[in-house]
Each structure stands twice: as C-alpha cells, then as structure tokens.
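Work through the exercises below with the structure open. Try each task before you read its solution.

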Amino acid sequence: MCGTCGCGESDVRVEGLADGHRHGVSTEHGHPPVHEPRSRTVDIETALLAKNDHLAGHNRSWLAERGIVALNLMSSPGAGKTSLLERTLKGARVGREISVIEGDQETTFDAQRIRDAGARAIQINTGSGCHLDATMIERGLRALDPKPDSLVFLENVGNLVCPALFDLGERAKVVIISVTEGDDKPLKYPHMFAAADLVVVNKTDLLPYVDFDVDRCARDARRLKPTLTVLPLSVRDGSGLGAWYDWLNAL
Ligand SMILES: Nc1nc2c(ncn2[C@@H]2O[C@H](COP(=O)(O)OP(=O)(O)OP(=O)(O)O)[C@@H](O)[C@H]2O)c(=O)[nH]1
Ligand SMILES: [Mg+2]
C-alpha cells in the first residue's frame, strides 16, 4: 500500500495480457510489489481510515456547533480549484463570510492567492502526502479560527485518487474536472465521482478546442451516483457561475 495514505492494492487487476495470466503489478508508486501479508495490509488500511473517520466526526461536530459549513474541493492538479475560489471571493455573491484552508505538497502560493483576493487563508503543506486528512483539518481549523456561520473551503491536494478516501468533516464534497482532462475521467476514477455531492466541469471556454463531451461526462458521473449535480462553468469567462452561487447559497 501507499505508505502515506493507505490506498490499497487489494483490488488491483491487470487486464489484456497476451498469455491470459495475471501478473504482479508494481503499485508502490513505481517500486516493486511489497510482499506484506495481505491481511496485515488490509488491517493497517482499515485502522488508518477508521481513525480518520473518527477524527472527521469530531471536526463535523465542531463545525456544526458553530454553524460553519465546510466544503472539500477536490480535483486533478490545475483543474481550477483556487481560480474558482478567487472568482467566488471577488463575485461577493455568497451570503456567508468565506475563509480557506489550502492543501498542497509544498509552497504557500495558493494561500497567498486567496489572501490577495481578500479572504483569510492558511496553508497546509503535506510534504510527501497526497491528500488532506482529518487531523490536518483539525489543526488547520484551530489556526484559521473561522467565524460562526461562515463558509470554509478545504482545497485538497490536486489528486483524483486518495483524497476521495478521507473524510475531513466537510458538509459536502465538490469535485472539479476541467475540459482539458478528457471526458472519460468519471469512469476511470469512479471512487472520486461516487463520493462527490457536486461535480463542477470547469474551463468550458476551452470546449471549442478540445474533444470533451459534457453530456457524456455528466451521464457517466450520474451512473456512479444518480443524485449528482453537475455544473458546467468557466471561471475565465464567468458562464455558469450563477448556478454555482445558487448551489452555495442553498447549503
Ligand atoms: N481557460 C481557462 N483556464 C482556467 C480556468 N480556470 C482556471 N484556469 C487556469 O488553470 C490553471 C490552473 O488553475 P488553478 O486555479 O491554479 O488550479 P488548481 O486546481 O487550484 O491547481 P492546484 O492547486 O495546483 O491543484 C491556471 O493557469 C488558471 O488560470 C477557466 O475557466 N478557463
Ligand atoms: Mg490550487
């Protein structure tokens, strides 16, 4: 398993081999397979996620006691998470004060962008870690000290895989996909889309230049979760942002 996040190799499959046999597969981020006994690997993963879920429950109670809504923003690197937050802050159409916890492996670039857009922000650097977890958010909330009844965005590390596993105590999970990534992503990364409450399809201003079928993306995402809301928008030209603000204000 991945030493940092506990994402498992328990359901790894290798298809289409010419000799019809399944082969060992390198799942440790490019390293040879680890010969850890299967039951021990699963035990560690289960314990790690259970501990995270427990702490996320504490975060959820802490937030609820203060009337604070937290949203977990997840996407591939560069889909436009920080850009959407900057635009949301400048749009000033959300009826709650906004603050942000930024997650990146390194740098404070994104927190600085949020501060420049006029909101309070703290940065969490995960080092080799590929996701935010509930412990980091507990510490982050203490440092951020968000106002009662406010809205806190948790911008996760850019990664469509591991962040889906980790409950942070958020009210809802927002997954952002941009049209330059390809419309096959929901079926290729099903855990992320099945976990989402809202899918934002960003960079629709680029649709004339890429092969991205918004309907196919939405249909596939809803195959994974029929109740999913899918919002196409462009942070760049502002189209579709009204529905985003409506969704936020309805929380
Ligand atoms: N054309 C276009 N570009 C966009 C749009 N939204 C964001 N971008 C660009 O996409 C790039 C990445 O945007 P970010 O907001 O930094 O993306 P991110 O998801 O926060 O990236 P990480 O935090 O590194 O994972 C930037 O160059 C943005 O200007 C959009 O709607 N249209
Ligand atoms: Mg960002």
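A residue counts as buried when its relative accessible area is under 20%. Keep in mind that the model is predicted.

**Exercise 1.** Find out how many residues of strand β2 are buried, and on which faces they lie.

*Solution.* 
Step 1. Locate β2 at residues 98–104.
Step 2. Apply the cut-off: seven of its seven residues are buried, and the strand is mostly covered.
Step 3. Sort them by face. Ile-98, Val-100, Glu-102 and Asp-104 lie on one side. Ser-99, Ile-101 and Gly-103 lie on the other. Both faces are covered.

**Exercise 2.** Determine which strands pair with β2, and in which sense.

*Solution.* 
Step 1. Take β4, residues 151–155: this strand and β2 pair in the parallel sense over five bridges. Here Ile-101 stands opposite Leu-154.
Step 2. Take β3, residues 120–125: its pairing with β2 is parallel too, over six bridges. Here Gly-103 stands opposite Ile-124.
Step 3. Follow the chain from β2 to β3. The path runs through helix α3, residues 109–116. This β-α-β crossover is right-handed.

**Exercise 3.** Identify the residues that coordinate the magnesium ion (ligand 2), and explain what the pair Thr-82 and Asp-110 ties together.

*Solution.* 
Step 1. List the donors: Thr-82 (OG1), Asp-110 (OD) and Glu-155 (OE), at 2.0 to 2.2 Å.
Step 2. Write their spacing in sequence: T-x27-D-x44-E.
Step 3. Thr-82 lies in helix α2 (residues 81–91) and Asp-110 in helix α3, so the two tie together parts that are 28 residues apart in sequence.

Methods: Residues numbered from 1 in each chain as written. Chains lettered and ligands numbered in written order. Predicted model: local features only at pLDDT ≥ 70, side-chain atom pairs only at ≥ 80, totals over all residues. Heavy atoms only, no water. Buried < 20%, exposed > 50% of the residue type's maximum accessible area, 1.4 Å probe, protein only. Helix = DSSP H or I, 4+ residues; strand = E, 2+ residues; numbered from the N terminus. Pairing = 2+ DSSP bridges. Right-handed = clockwise from strand over helix to strand, strands pointing away. Donors = N, O, S within 2.8 Å, 3.2 Å for Na, K, Ca; no water.
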